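Reader: I have a model open and want to learn how to read a few features in it. Where do we start?

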Amino acid sequence: MASVVAQSHFIFGLRTGVNNNLCYIDEQTLVFPSGNNCVCYNTVQRCQRFIPGSENSRGMHAMAVSANRRYLAVSERGEKATVTVFDLQHERGRKRKVLTAGDASIGEFVCMAFSPDSKYLIGQTGAPEWTLIFWLWEKQKILATVKTSSSSSPVSQVSFNPHNNTQLCASGAGVFKLFRYSEGALKQSCFPKVASFNFLCHAWLTEERVIAGTDGGRLLVFESGNLRREIDVAAQGRSDRLAEVKKIKDSGGDEGPGAAPCVRALLSHSGGFACSLGSGSVCLFEKNEEDSFTLSREIRIAPEPDGEELTPADGREIQTMCMSPAEEAVSISTDGGQLYTFSLSSGETNKLHEEDARFDFLLQPFHSRSITGLSLCIRKPVVATSSLDRSVRIWNYETKTLELCKEFQEEAHSVALHPTGFSVLVGFSDKLRLMHLLVDDIRTFQEFSVRGCRECAFSRGGHMFAAADGTVIHIYSVTSLENVLNLKGHNGKVRGIEWSRDDSRLVSCGMDGAVYEWNTQTAKLESESVLKSCSYTGVAFSSDCKTILAVGTDLTLKEIQDCQVLREVPAAEAAHTAVAVSRSSRVVFTGTSSGTIRAIKYPLPTEKDWLTYQAHCGPVTKMAITFDDQFLLTASEDGCLSMWKIVDKEGRGLRSVRRVVHTEEILVTKSDLEEKAQSALELKTRLEALQMENEYHLRLKDMNYNERMRELSDTLTQQIELLKTSEQALRTQMDKQDRENQQSSAQIAARHAEELKRLESSSSQKLIVEHERYQDLQHECQRLQEDYENRLEAAEESKTQALEELTQRYEVPLQEKTRLVVQCQEEAQQEILMFKEIVKQVEEDEERIIHDVKVKYERKLLAEKKSNSNLKGEAGAMTQKFYSLKKQLDERDAEMNAMKHERQKLLGLIRSLESDIEDLKRQISGHERTNQDKDKTISTLKKKNQELEKLKFVLDFQLNEFKKQIEPQQDDIAEKKERIRQLEEELLQISGSNTHLKLTASDLRLKLRAREKEVQKETQKVKDMETRLQRLKSDLHTCVSFIQEPRKLKDSVQAIHARYVAQSDGVDRSSDDEDDVQAFRQQREHLEKTVSSLKSRLAKSAEEHDKVHAKITKENVTLITEINELRKELSLTKTRVKEHEAQLAAVTRKTNKTRVKSEEGPKQEERH
């Protein structure tokens, strides 16, 4: 087992061919298939979480996410198709359940859907069955199955009604069916005529309305399963944004798939729905007031830089569409393996008629076809890939971004990155091109006449590169761009090239089964290993460059040294296709034809000892390890580039043998720099002009705002003066109301005190009277209870004696009857066994006779068939004997008629035998009737016994009833006592609260008087200050008259200073006065609030007192009525006791009579 492991880090690519291959988990996370994994991608943190597929899987086919965004269902092909449900809330996507189709051999599930409550799951199987399976998935239980289509009409989508767990929809080619789950089965609820339509998708708009898209660009609306109308988008021009809604005629002819763009994806949301239309276009519809839909916006995928229109051949046909839970973004996937997104934020959706609405890439632009080449460099954290999609891409594996992408007119078969990261070598079918990596372009520098170069590689020093041309390897100098060496020796195409660490050697492998080690200085062959039965696909030097590791089609990993194979590690089932060796000499990674990655410990083990990782869904084409041993990069035919982090078993990164320093320099041409400088100057001048224009506009705005401020200040000052006058009026009115409230509160308090005294005296008298009546009733109740208990004891004694006598009397006859019943049952069982044996023998005889007759006539039929075939052969070969053969055929027909007559006779015989069987059944029914009669007699005896037991039960029940009737009366009496006690406590509490309220009111009156005195003092102070201010003003006025005479002015100022208080003291006093006024206001407001609260409390206490008084009166009335009722019930109980005594006497008489009859019955039977 390898001590080094690989962890999935990041992946670039989308797996196409998976139904519903893009779904939102939450507002920031999407899930999509990539390679043989399901990837959960967070768009904010730009990180990925992986859910690996099954080991024995042959590929994913469909995905579905539950309505609560917690579960993910993935269908996989295999020997037996499975559906795996994962828990997305678990950090690693824990596998919850694995669902199958039961005993049926199903190859694949083409589509799936969860129910709205996420409890149920439906899966549509593929051809030829086309069966819809309905699971209760948490219990792995199949609830129902139904066949949805024939083998010639594929089903494309199934879904649940989002408002109903039991209603389903299935659509496809000539198929649109609604099913309802009831009574353990799926039943079709409608039968629309849609044989001429090829439905590609559908979506639920409401509980009863479904919209479906066809391959002819038509949107059909179904209501309750019936076709109602059409929204024909393809029939309008692009400028007309209104979707015309029209009724569909019954004739509705066939659709031509090429007449209009297809509608492959539909998505409903709260405001309407969205649909894909043609290549790279999504139309958003909104619901209007007329219950129809209006086309509000069209969003497109950005076209290619050459400006050509998109076509389905471009790989931009939209396959899946999904919307975020908050409906703020819509994301799509295309058949070219690309992911796009568009923001539907409120600021953008207002631009309804925006023509340039374009999708953005969700992650990065991916390869859409097989990746043919992969190469790393030393000085930069970048990797170059080439693909059959005619593109070369430069990825940064540290920032997980695409730095450069260049598309060509031809397919790129190989790629090699220069160690400095400034140049790249790309092999095409006609030439080999050396290109420079610029800031925003990949520009050709030199072309070499190497055709169909499938393998190329730069030396470690970067001064040479090797390129394979069929069976020959050409070595070129990077400085002189000349062909230095030609290495010839392979008989088949070269499939792998790698340089040694010091660039003195080069190893190559080919389809001829040869692995050669070359000297790059002399072009001589240093070692070779040839195995013609193996076609090698990958080769690599070990970390010390002493041995060579090679993989091929013979399902082994070979370690070669000095022309000999040192070790071989056999593969399991899938062949190794690529190999990479870590520079720390601890692990070897290999890729397989099934897409898995294997980590094998180095030195190589002798047994099958490795770690396997689910990586790709196609054969691994290339793999490489970064120069610091931190990342493993793998590429595959599925178009995915996968990044793996290499760590030890404790989760720590590997220590690099040497430190790798990455540079950030880039290549820029002189013309590009001049263009950038020119554009910068233009932008600068434009910025200055904009700044001047903005300053001018700002000045104009300032002037306008100042004018408006003046107008507002004038209006506000007027309003302030009006408010001051209104405030003064309100204050005078408030003082008047305060005086009135004080007078009314004093009057109410006096009245309340008088009412309380009157109520206390009346309630105390009533309580004394009621208490005396209650004691009398209690004595009477005790006396009646003692009398009733004595009677019950006597009744129980008589009842027990009667029961003992009855049980002794009926035990003996019951035992005899049970013995007779047991004998009758044994006899009946013996007769039933005999009858079954007779029926079994008769059936066996009949089956044997029928089998013999069947075998006889089958033989005759075979003979007839053989003779007919012989006759047909003779008729073809000998035409002159036609008439004679015809006669023979007539004779054969006559024999066949005779055989038919014989068959009819046998059928008559069978019918007669069946009538005999019916006679036997009648005999059995007669025996059963006799048994039933005996059972009836037994049942009558049992019923009599049950009646006696019922009588016993009734008597017990009546006794219990009497006891129960007495118990609630006692409970009621106790409750009444408790209620009287509570009322007394409430009266005491009310009286205490009233006294407390009186005390608080008196305190508040005293506080009010003190505050009024303080206010008078403060007003007197204010008047004194005003007179002093007037005197000061007059003195200052006289002082001003001496303004021309300084001495007099000085003397007058000193006199004013001596007469009045110093300025600082005046300021302090004025501030103290202001503080006192403010405190007075606060105290006044507090007192007003307390007065209002006291008034409300007084009103509440008065109301509560009235309520308590009313309650007491009502409860007294109820007590009197209940006492009267108790008296009536006592009289009734007395009469009932007398009636029950009479019933007991009657029952005893009946039991005596039945006892006499039962004794006479057995005696008469013994006489008979």
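This is a predicted model: local features need pLDDT of at least 70, side-chain atom pairs count only at pLDDT 80 or more; totals for chains, interfaces and linings use all residues.

Reader: Which strand holds S423?

Author: S423 lies in strand β36, which covers residues 423-427.

Reader: How far apart are S423 and L22 in sequence and in space?

Author: Read the two separations side by side. In sequence, 401 residues separate S423 and L22. In space, their C-alpha atoms are 36 Å apart.

Reader: What does the side chain of S75 reach?

Author: For a polar contact, look for a pair of N or O atoms within 3.5 Å. Here the S75 side chain reaches the backbone nitrogen of A62, at 3.0 Å.

Reader: Now the surface. Which residues gather in a patch of negative charge?

Author: A charge patch joins like charges within 9 Å. On this surface, the negative patch gathers E967, D971, D972, E975, E1125 and E1129.

Reader: Which helices each supply at least two residues of the negative patch?

Author: Two helices do: α3 (882-1040) and α5 (1063-1167). The largest share comes from α3, with four residues.

Reader: Where is the place of E975?

Author: E975 sits in helix α3.

How values were computed
Residues are numbered from 1 along each chain as its sequence is written. Side-chain values use heavy atoms; hydrogens and water are left out. Patches are made of residues with over 30% relative accessible area and no salt bridge: like charges are joined within 9 Å, nonpolar side chains (Val, Leu, Ile, Met, Phe, Trp, Tyr) within 5 Å. Accessible areas come from the Shrake-Rupley method with a 1.4 Å probe; for residues, only the protein chains shown count as cover. A salt bridge is a side-chain nitrogen of Lys or Arg within 4 Å of a carboxyl oxygen of Asp or Glu. Lys and Arg count as positive and Asp and Glu as negative; His and the chain ends are not counted. The place of a charge is taken as NZ of Lys, CZ of Arg, CG of Asp or CD of Glu. A polar contact is a pair of N or O atoms within 3.5 Å; within protein, one must be able to donate a hydrogen and the other to accept it, and residues adjacent in sequence count only if both atoms are side-chain atoms.
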